[in-house]
Amino acid sequence: MASWQPEMAEDTATSSYWLNWRVLVCTTWLLISMVFASFLISRYEGSRRRSSDDDDDRPGRECKEKGPGVLYEDEAWRPCLKGMHPVWLLGFRVGSFFVLLVLLTVNAIVDGGSIFYYYTQWTFTLVTIYFGLGSVLSIYGCYAHRNKVVGERADIELVDSRQHSLANGRGSNAAKDGLKLNQLHQDRRIAGFWGYAFQIIFQINAGAVLLTDCVFWFIIVPFLTTTTRNYGLNFFMVNMHSVNIVFLLGDTVLNSLRFPWFRIAYFFLWTTFYVIFQWILHACISIWWPYPFLDLSASLVPLWYATVGMMHFPCYGMFILVIQIKQCLLSRYFPESYEQMR
């Protein structure tokens, strides 16, 4: 999109541009979004619901009462099918990361750093970061999976030997010790900072990618096609609004990440921070708006802001539907190997 720039309708660095009722209404929309997001995060975020006498929520500890935002450590790198080795998910993430990174780098070289003026490139960069971080977590997961397999084999041998000892009358507590050892390997650790950061980025991308592509293909392209002469799609425009969703859906099919509904809050915050960034930039420098509906001089701009804000719900809801379809199909066709999120 950096190849096309709209004409400036009004000087954005003057006080008259900002001191009007349109800006006040749009500011109200942003504040409502931030308050709504802050409420959801404070109410539901965390591995468990806190109580007055229990404030210990350290990573790695088991939680008796798990909250809706709980994430286990292995869910960041474990595929959704039991028979699938984590290296397959690792390969997909590494391949996706390099493809996205190359596209983003080439686009920046061809069109310049101004591409990061757009919400599209913000989201595309976040998707790239997601696959980069996911690759690192998957590398760790392959190492942990290897150690787990070796440990389970050692446990089986130990339990067999102790059961043999018990059968011969030696060691009355041998079987109990073996079972405890085996149960220890079945315990699942709560994810740490990077695990939660990874899942939050995943859920931001889920909504932001759909919002970006829907706005581009159903609003911006029809508008520019009918109002702008010589406007045409180029290679980078098409790829920036298609490749991201393809790779994200592919990872969604393979991974075992949860998708709690309340993390739509981070999606709202992501978009809100982008709008605030644009406002600050335009208040300091009089430049063109990257998207026509962000221009605060238009009389219908409060309606545009409200419309785009409301679009967050169906975009996020569509991805929840994708998750549910995945769970339904995998549990139906792979009932024994599908590890459904609990």
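Let's start with Arg93 and Asp251, which form a salt bridge with their closest N and O atoms 2.9 Å apart. By salt bridge I mean a side-chain nitrogen of Lys or Arg within 4 Å of a carboxyl oxygen of Asp or Glu. Arg93 sits in helix 3 and Asp251 in helix 8, so this pair ties together parts that are 158 residues apart in sequence. Arg93 is buried at 0% relative accessible area, and Asp251 is buried at 0% too. Buried here is under 20% relative accessible area, exposed is over 50%, and partly exposed is in between, with a 1.4 Å probe and protein chains only.

A quick word on the source: this is a predicted model, where local features need pLDDT of at least 70, side-chain atom pairs count only at pLDDT 80 or more, and totals for chains, interfaces and linings use all residues. Residues are numbered from 1 along each chain as its sequence is written, and side-chain values use heavy atoms, leaving out hydrogens and water.

Arg263 is in the loop between helix 8 (243-254) and helix 9, and Glu45 in the loop between helix 2 (21-44) and helix 3 (86-111), so the pair ties together parts 218 residues apart in sequence. Arg263 is buried at 0%, while Glu45 is partly exposed at 23%.

Now the overall fold. The protein has eleven helices and zero strands; helices (H or I, at least four residues) and strands (E, at least two) are DSSP runs, numbered from the N terminus. Of its 342 residues, 45% count as buried.

Next, please look at His282, in helix 9 (residues 264-284). Is His282 buried or exposed? It counts as buried, because its relative accessibility is 0%. Its side chain reaches the backbone oxygen of Ile287 at 3.3 Å and the backbone oxygen of Trp288 at 3.1 Å. Leaving aside residues up to four places away in sequence, His282 touches several others, including Thr12, Trp18 and Tyr117, where contact means heavy atoms within 4.5 Å.

Last stop, the surface. Leu321, Ile325, Leu329, Tyr333 and Phe334 make a nonpolar patch of about 500 Å². Such patches take residues with over 30% relative accessible area and no salt bridge, joining nonpolar side chains (Val, Leu, Ile, Met, Phe, Trp, Tyr) within 5 Å and like charges within 9 Å. Phe334 follows helix 11 (312-333) and is partly exposed at 39%. Thanks, everyone!

Notes. Areas by Shrake-Rupley, 256 points an atom, 1.4 Å probe, with all protein chains shown as cover. Polar contact = N/O pair within 3.5 Å; in protein donor to acceptor, adjacent residues only side chain to side chain.
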